[in-house]
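Welcome! Here is a friendly briefing on a protein fold, taken topic by topic. Have a look at the picture before reading on.

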Amino acid sequence: MLRFPRQLQRYDSAADCCERLAERLENHLRQWLLMPLALRRPLGLATGRTMEPLYAALVRRLMLWSAQDLVELRRRWCSFNLDEYLGVQAGDQCSYSTYMSRHLAEPLQLRPETLHLPNGSAPDGDAAAQSYAAALDACGGVGVQLLGLGTNGHVGFNEPPTAADQACHVVDLSEATRRQNSGLFGGDPAAVPSQAITLGLQEILAADEIHLVVTGAAKADILKRLLTLPAPQPGLPASWLLNHPCVWLWADADAIDRSLASDTAEDRNEH
Ligand code: GLP
């Protein structure tokens, strides 16, 4: 039997999956704008290929808002990204800062300073990680958190093994992650920075609501591992999400159907 998550959203295609999550985020943003200032916690944003169709769908929806609502959204926007490569300049085509400008800030005409990311060009990475965590804390911590899933089970750049109380930190990226992310770096894993700054599981698990998005056949194996674990373990960082009371998993058929099929088979064996 699947022990995780609290809410499972399964769709035939990644496009459907992203469209429905974009709808939920749009509704969240509408309510968020009506909230008293003290209750408005920042959005927690992720990068990666999985998020691209999600941001495209969200932009399409938000651009249908009235001019007045868009002005308000641009005035109030406050998001904190999970991670950034260390040793990249903000304007670097491969930085997550550029990714966020391309997929969200520019199409929505958001003020760049309202999309927060760790400073990947800081000479002292540890100090930059600490000041990023402090800036997030000063804004009340994340409200709604988006997460992708690495093929090695990482969330953000929390590489295995990771403890649940790990705060924002500098991380050495694994070979697997550098290989997985080499697409943006001309396909060469050696060109991918060897370190990054990432929010830790501590900040991620403090979010009110978490949306884990897993699409594509390449994620089927790691998703099956995650869904069949009896308890969280440091070797699979995403498994700490089992301890969170409000996690939604958004998956397409390619990523989840194998897990669901084996779940049914297990159920049949049990009874
Ligand atoms: C990357 C990022 C994560 C991302 C994950 C999945 O390394 N640091 O924030 O969610 O791995 O990436 P993708 O969506 O490209 O598969």
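Two strands pair if DSSP finds at least two bridges between them. Strands (E, at least two residues) and helices (H or I, at least four) are DSSP runs, numbered from the N terminus. This is a predicted model, in which local features need pLDDT of at least 70, side-chain atom pairs count only at pLDDT 80 or more, and totals for chains, interfaces and linings use all residues. Residues are numbered from 1 along each chain as its sequence is written.

**The sheet**
- V171 stands opposite A196 in β8.
- Strand β7 and strand β8 (residues 195-198) run antiparallel and are joined by four bridges.
- Both belong to an open sheet of three strands, in the order β4-β8-β7 with antiparallel pairing.
- At the edges lie β4 (83-85) and β7 (169-172), each pairing on one side only.

**Two packed helices**
- Helix α1 (residues 14-34) packs against helix α2 (residues 51-62) at about 50 degrees, with axes 8 Å apart; axes are lines fitted to C-alpha atoms, for helices over the stretch in contact, and angles run from 0 to 180 degrees between N-to-C directions.
- So α1 is oblique to α2 (under 35 degrees is roughly parallel, over 145 roughly antiparallel, 65 to 115 roughly perpendicular, and the rest oblique).

**Around the ligand**
- Of the 14 residues around the ligand, G48, R49, T50, G148 and G150 come nearest (a residue is near if its C-beta atom, placed from the backbone, lies within 6 Å).
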